[in-house]
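Me: I'd like to go through this one label by label and hear what each label rests on. Here's what we're looking at.

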Amino acid sequence: MIPNAPPLLRYRCSQRGTLSSAVVQVFTADRNSSWNKRCCGVACLVKDNPQRSYFIRVFDIKEKKVTFEQELYNNFSIYLSKPYFMTFAGDTCQVGLNFASEEETKRFRSQVTELLDRRQRKSEKKRDPLNGMFPTLLSLKLTEKKVLKGANLWVEDGQIGA
């Protein structure tokens, strides 16, 4: 959190599970066009519990409102084209965040990367059909039918079914 931020910003960021924040300018670019400055303010990496998702939200301190929002969708990825300029594919165009300092860029990017890595590991774990169930399966008598709680699997005559 930014130490001398106005009370409204401190409240909005802290109440919404902010993981990182930094001063930025937001630029957008359509296909084959140059960067256009869209807004500036405080970018917050936010966990939005009601929406069950993560967002990058930019708050305009003067206007006291959110001026930019981007959900961190599946397969969201960020690129650092310069030590202070981070880009990503937005919902409708390419987006660039121009940070006030390289240190803020590193800190913000690190939090985003850590979050994306954590989500990727969680997603891979969910895709594993047995999800750590081998010790349970091996301890069953393979000749009788048993239903494994929480896994929607059964074992009968040595065959595993769903």
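**Labels and what backs them**

Me: Where is the place of Lys64?

Reply: Lys64 is in the loop between S3 and strand S4, which runs over 65-71. Keep in mind that this is a predicted model.

Me: What makes Lys64 count as exposed?

Reply: Its relative accessibility is 57%, and the exposed label needs over 50%. So Lys64 counts as exposed. Its backbone is worth a look too: phi is near 55 degrees, a positive value in a residue other than glycine.

Me: Which loop holds Asn32, and why is Asn32 called exposed?

Reply: Asn32 is in the loop between S1 and S2. Its relative accessibility is 80%, and the cut-off is over 50%, so exposed is the label for Asn32. Phi of Asn32 is also positive, near 60 degrees, and Asn32 isn't glycine.

Me: How do you know that S1 and S2 pair?

Reply: Pairing takes at least two bridges. S1 (residues 18-29) and S2 (residues 36-48) have 10, in the antiparallel sense, so they qualify as paired. Together they form a hairpin with six residues between them. For a landmark, Val26 stands opposite Cys39 in S2.

Me: What makes Thr87 buried or exposed?

Reply: Thr87, in strand S6, has a relative accessible area of 9%. Buried means under 20%, so Thr87 is buried. Its contacts, not counting residues up to four places away in sequence, include Trp35, Tyr79 and Val95.

Me: And Gln111: why is it called partly exposed?

Reply: Its relative accessibility is 25%. Gln111 is found in helix H2 (residues 102-127). Leaving aside neighbours within four places in sequence, Gln111 is in contact with Leu19, Ser20 and Leu45. Gln111 and Leu45 are 66 residues apart in sequence, yet their C-alpha atoms are 8.0 Å apart.

Me: What makes Arg57 and Asp48 a salt bridge?

Reply: The N to O distance is 2.7 Å. The cut-off is within 4 Å, so the pair passes. Both ends are buried: Arg57 has a relative accessible area of 4% and Asp48 has 11%, while the label needs under 20%.

Me: Which residues are linked with these two in a network of salt bridges?

Reply: The network is Asp48, Arg57 and Glu69. Glu69 and Arg57 meet at 2.5 Å, N to O, so this pair also falls within the 4 Å cut-off. Glu69 lies in strand S4 and Arg57 in strand S3, so the pair ties together parts 12 residues apart in sequence. Glu69 counts as partly exposed, at 41% relative accessibility.

Me: How do you know that Arg118 and Glu114 make a salt bridge?

Reply: Their N to O distance is 3.5 Å, and the limit is 4 Å, so the pair counts. Arg118 and Glu114 are four residues apart in helix H2, which means about one helical turn separates them. Arg118 is partly exposed at 38%, and so is Glu114 at 41%. The structure holds three salt bridges.

Me: What is in the largest nonpolar core?

Reply: It has 23 residues, and Val26, Ile56, Leu72, Phe88, Leu97 and Phe108 touch the most other members. The elements giving two or more residues are S1, S2, strand S3 (53-60), strand S6 (85-89), S7 and H2. H2 gives the most, with four residues. Nonpolar side chains in soluble globular proteins tend to be buried together.

Me: Which residues does Phe108 contact, beyond its neighbours within four places in sequence?

Reply: Among them are Ala22, Ala43, Ile56, Met86, Leu97 and Phe99. The heavy-atom limit for a contact is 4.5 Å.

Me: And zooming out, how many helices and strands are there, and how much is buried?

Reply: There are three helices and 10 strands. Buried residues make up 36% of the 162 residues. The protein exposes about 10800 Å², with carbon and sulfur atoms supplying 48% of it.

Notes
Residues are numbered from 1 along each chain as its sequence is written. This is a predicted model: local features need pLDDT of at least 70, side-chain atom pairs count only at pLDDT 80 or more; totals for chains, interfaces and linings use all residues. Side-chain values use heavy atoms; hydrogens and water are left out. Buried means under 20% relative accessible area, exposed over 50%, partly exposed in between (1.4 Å probe, protein chains only). A nonpolar core is a set of buried Ala, Val, Leu, Ile, Met, Phe, Trp, Tyr and Cys residues joined through side-chain atoms within 4.5 Å. Accessible areas come from the Shrake-Rupley method with a 1.4 Å probe; for residues, only the protein chains shown count as cover. A salt bridge is a side-chain nitrogen of Lys or Arg within 4 Å of a carboxyl oxygen of Asp or Glu.
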